[in-house]
Amino acid sequence: MQTTISKKPATLTLWRRWNWLLWIAIVAVIYTWAITGLHFTGLQESAASVSRSIVHGLVQPDWPYVYNGSGEDLVSLILQTLAIAFLGTIISSLISVPFAFWAARGGKEWLHVRSGSGKVVLTLIRTFPEIVLAIMFIKAVGPGSYAGVLAVSIHSIGMLGKLFSEAIENMDRGADEAITSAGGNSAQIFMLATLPTIMPEFISYTLYRFEIAVRSASILGMVGAGGIGTPMIFAIQTRNWPRVGIILLGIVLMVLLIDTLSEQLRKRLI
Amino acid sequence: MMTTQVPRRPWLQRWHVKPIGWTLVILILLVASSRMTGVDVGMFFNNLGQFTDLLVRMSQPAWDYLPVILHPLYETIQMAILGTTIGATFAVPFAVLAASNLVHNRWLRGIIRLMLDLVRTLPDLLLAAIFVAIFGIGSTAGVVTLAIFSFGMVSKLFYEVIETIDMGPLEALESVGANKLTIIWYAVLPQIMNQFVSYFLYTLEFNVRASTVLGYLGAGGIGVFLQRSLNEFNYSQTAVIILATLVVVMAIDGISNHLRRVLL
């Protein structure tokens with residue numbers, strides 16, 4: 001007994017004393033690989049002039065584009081972007097609930113088949129690129145904001161399902177047990193104890209996800225799925241920098257406003 | 001004596017004004033936004049055939065395409081590593097300036113925070129589109145995009161960490177007359193190093209995911225090939241790209257999660 005105890009710390013200190021060298025070596029190898037692997041084609045000669053015209057466009061944005069009543073102006077498209085994000089998030093929050101109960105771990109065992117399979121499915125959904133989803137839905141429903149709504153609703157399941165399932169895992173089971181002990185059936189437990197307990201957290205996560213959805217809805221248009229992204233990518237491709245400037249301004253203001261609103265609401269919830 | 005009288009609830013509570021109000025607001029928003037986006041449930045199911053056809057074609061990955069995309073996959077990871085490193089390096093001084101326990105000048109802190117908030121509002125693909133216009137098609141645009149994107153993300157995480165540190169060691173050094181840099185080096189850094197590395201790895205995970213689609217707009221990496229295969233309607237190649245990306249992302253997540261657990 002005595003020998004085993006005195007033996008272990010000795011090897012540990014030797015490892016502890018020298019393992020930083022190993023880490024430095026690993027980090028050095030990784031960075032050498034990363035830096036030598038990339039071809040920095042060098043700056044384009046036009047880079048400076050392009051940056052100058054971008055700054056110029058940002059300073060003098062295309063104000064008439066803000067609203068011209070055509071339905072293709074900044075305000076209408078920003079509203080459309082928000083609509084995509086809102087609908088997508090609401091649909092996704094509803095679909096995520098069953099996924100969350102599927103992925104939530106009940107007991108403490110190391111391997112849980114139901115919860116494990118649910119978690120893998122959620123990871124797969126989360127990793128599937130959103131713009132590929134958007135392109136797939138464009139094939140199904142044609143270009144436009146409907147495809148964007150579908151892409152946001154499916155992609156958000158990955159993250160919302162994960163957050164919801166973690167909320168379920170960490171919830172206080174007191175109310176559940178109280179209803180069980182009073183003889184309630186599982187539907188009653190779910191409606192009267194489980195749902196009210198986790199509802200504030202679910203709503204808070206949904207709001208958080210809405211903030212992210214607003215950002216993705218504003219870029220989904222770049223592949224043709226509606227919203228402000230479509231005129232943005234056109235303006236960049238046609239080098240219409242004043243137009244880019246006003247759209248950027250619109251997106252920044254929209255995201256700041258939504259983030260602030262949602263943060264206030266979330267603070268009141270929890 | 002116990003009264004059996006039920007306490008009277010105010011009018012607002014008795015008629016459930018608040019929940020009903022919120023439900024109405026959400027319903028109105030739902031109707032308005034489905035009008036605006038032209039959602040048509042029927043159309044989706046009518047065209048479901050095309051969607052399933054696409055899925056069927058994607059379910060037969062063209063594995064011989066794998067060697068072609070190995071190099072761009074490496075490039076994606078390299079872009080993510082460089083971008084995150086550059087972004088995180090620039091984030092450190094800004095995080096220090098934005099931390100309320102280190103900088104007492106409210107105006108300076110406010111300006112820095114506003115700047116960081118503004119940087120964070122810009123979506124990654126939008127940045128990529130602009131930098132491709134500036135730097136031309138290639139991984140330079142991708143690295144710069146990721147650097148700016150991670151700068152915004154990391155600086156916020158970093159200053160929130162700095163604000164939670166124990167001020168004792170700082171006051172001790174201050175009382176013996178150490179200057180600001182010495183204080184940061186000997187009292188602040190040792191307290192936050194592990195969390196910094198952990199957040200750095202977290203941002204790296206995030207950036208690996210992000211960098212896989214940046215190429216869609218020409219910013220280098222695997223996204224270039226993703227766009228090519230989608231434009232050519234070659235969905236069996238798309239499937240290989242997505243699966244390979246998935247493996248890489250999961251591997252990086254696994255390594256990073258393990259390291260972060262060791263660190264904290």
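Q: Where is the place of T37(B) in chain B?
A: Helices here are DSSP runs of H or I with at least four residues, and strands are E runs of at least two, both numbered from the N terminus. T37(B) belongs to the run at residues 17-37 of chain B, which is helix 2.

Q: What kind of model is this?
A: Residues are numbered from 1 along each chain as its sequence is written, while chains are lettered from A and ligands numbered from 1 in the order in which they are written. Local features need pLDDT of at least 70, side-chain atom pairs count only at pLDDT 80 or more, and totals for chains, interfaces and linings use all residues, since the model is predicted.

Q: Is T37(B) buried or exposed?
A: A residue is buried with 20 or more other C-beta atoms within 10 Å of its own, exposed with 12 or fewer, and partly exposed in between; C-beta atoms are placed from the backbone. T37(B) has 25 such neighbours, so it counts as buried.

Q: Which residues is T37(B) in contact with, leaving aside its neighbours within four places in sequence?
A: Contact means C-beta atoms, placed from the backbone, within 7 Å. The partners of T37(B) are Q80(A), A83(A), I84(A), L87(A), S145(A), Y146(A), V149(A) and G226(A).

Q: Which residues does L38(A) touch, not counting those up to four places away in sequence?
A: L38(A) lies in the loop between helix 1 (2-37) and helix 2 (47-59) of chain A. It is buried because 21 other C-beta atoms fall within 10 Å. L38(A) touches E75(B), Q78(B), M79(B), L82(B) and S139(B).

Q: Which residues touch the most other members of the largest nonpolar core?
A: Such a core is a set of buried Ala, Val, Leu, Ile, Met, Phe, Trp, Tyr and Cys residues joined through C-beta atoms within 7 Å. The largest one holds 135 residues, and those touching the most other members are A134(A), F137(A), A151(A), A128(B) and A129(B).

Q: Which helix of chain A gives the most to this core?
A: The helix spans residues 74-103 and supplies 14 residues. It is helix 3 of chain A.

Q: At what angle do the axes of helix 3 and helix 4 of chain A cross?
A: Axes are lines fitted to C-alpha atoms, for helices over the stretch in contact, with angles from 0 to 180 degrees between N-to-C directions. The axes of helix 3 and helix 4 (residues 113-127) of chain A come within 7 Å and cross at roughly 135 degrees. Under 35 degrees is roughly parallel, over 145 roughly antiparallel, 65 to 115 roughly perpendicular and the rest oblique. Helix 3 of chain A is therefore, relative to helix 4 of chain A, oblique.

Q: Which residues in helix 3 of chain A meet helix 4 of chain A?
A: On the helix 4 side are R114(A), S115(A), G118(A), K119(A) and L122(A). They meet F99(A), W102(A) and A103(A).

Q: What is the phi of R239(A)?
A: R239(A) sits in the loop between helix 9 (229-237) and helix 10 (241-269) of chain A. With 13 other C-beta atoms within 10 Å, it is partly exposed. Its phi is positive, though it is not glycine: near 55 degrees.

Q: Is F233(B) buried or exposed?
A: F233(B) lies in the loop between helix 11 (222-231) and helix 12 (235-263) of chain B. It has a positive phi of about 55 degrees without being a glycine. Its 11 C-beta neighbours inside 10 Å make F233(B) exposed.

Definitions and conventions: Two residues are in contact if their C-beta atoms, placed from the backbone, lie within 7 Å.
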